[in-house]
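Colleague: I am new to this one. Could you take me through its salt bridges?

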Amino acid sequence: MATGRTHRPATRSRGIPEATVARLPLYLRALTALSERSVPTVSSEELAAAAGVNSAKLRKDFSYLGSYGTRGVGYDVEYLVYQISRELGLTQDWPVVIVGIGNLGAALANYGGFASRGFRVAALIDADPAMAGKPVAGIPVQHTDDLEKIIQDNGVSIGVIATPAGAAQQVCERLVAAGVTSILNFAPTVLSVPDGVDVRKVDLSIELQILAFHEQRKAGEEAADATPVPAAAAREQSTDQGPDGDVPAVMPA
């Protein structure tokens, strides 16, 4: 099976918009669930609902893949799974290194979804000498002193950073210098990378803060709905507005 260092996804060369690329994993997840239930075909409406998008957007996205479905039948589930997997580069092996094996890094190492989605954890790396040789998810942790050699020996092009914020930029620069061209960053900091290197940032605290904003807004709306209108204000409102609610009922002389 080919490694990630010699093959790259074809999405950019084929002009697929980044917004569409970002939705392809959503479609693939929904299609994989259908495939596991042995569902042979699916309509655009059903698949869009399962992926959380509207059907018009889904059909537009699939047009970039050259897949238009069959009228009255829908889309072939197995073929779409293959087509999207190929477009995302998941039909080949992508060796990944995880740097920073604290609680989060260890949790990522134990995540079973990597292997089933085309990613192989090739190495776990940490700066703590006490961690060296310690198995995590069945993989012995290696020291950061060997980072460059590990990258080269395993043909790694994707790195995952799960270090504290203060160490993330230096780790990033070493990964890039060693040949890594794509980085998934879990450290709570913004990384500076040269052109040609892709960075995806995952910040759990930011996502929670966004949810907190929505919860606060919903609570405010519920409180406003539950506040009774004083009788005097209600009488004033009824006399100040006309039958259409926008002009006085009686105009002054």
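**Salt bridges in the predicted model**

Modeller: Asp61 and Arg23 are joined by a salt bridge, with 2.7 Å between the closest N and O atoms. Asp61 belongs to helix α3 (residues 55-64) and Arg23 to helix α1 (residues 18-36), so the pair links distant parts of the chain, 38 residues apart.

Colleague: Are Asp61 and Arg23 buried or exposed?

Modeller: The cut-off for a buried residue is a relative accessible area under 20%. Asp61 and Arg23 both fall in that class: buried.

Colleague: Which residue forms a salt bridge with Arg59, and in which helix does that residue lie?

Modeller: The side chain of Arg59 meets that of Glu45 in a salt bridge, at 3.6 Å from N to O. Arg59 lies in helix α3, so the pair ties together parts 14 residues apart in sequence. The residue is Glu45, in helix α2 (residues 44-51).

Colleague: In the salt bridge of Lys201 with Asp203, which residue counts as buried?

Modeller: The closest N and O atoms of Lys201 and Asp203 are 3.7 Å apart. Lys201 is at 37% relative accessibility, so Lys201 counts as partly exposed. At 14%, under the 20% cut-off, the buried residue is Asp203.

Colleague: How many salt bridges does a search of the whole structure find?

Modeller: The pairs above, including Asp61 with Arg23, are salt bridges. Searching the whole structure gives a total of seven.

Key: Residues numbered from 1 in each chain as written. Predicted model: local features only at pLDDT ≥ 70, side-chain atom pairs only at ≥ 80, totals over all residues. Heavy atoms only, no water. Salt bridge = Lys/Arg side-chain N within 4 Å of Asp/Glu carboxyl O. Helix = DSSP H or I, 4+ residues; strand = E, 2+ residues; numbered from the N terminus. Buried < 20%, exposed > 50% of the residue type's maximum accessible area, 1.4 Å probe, protein only.
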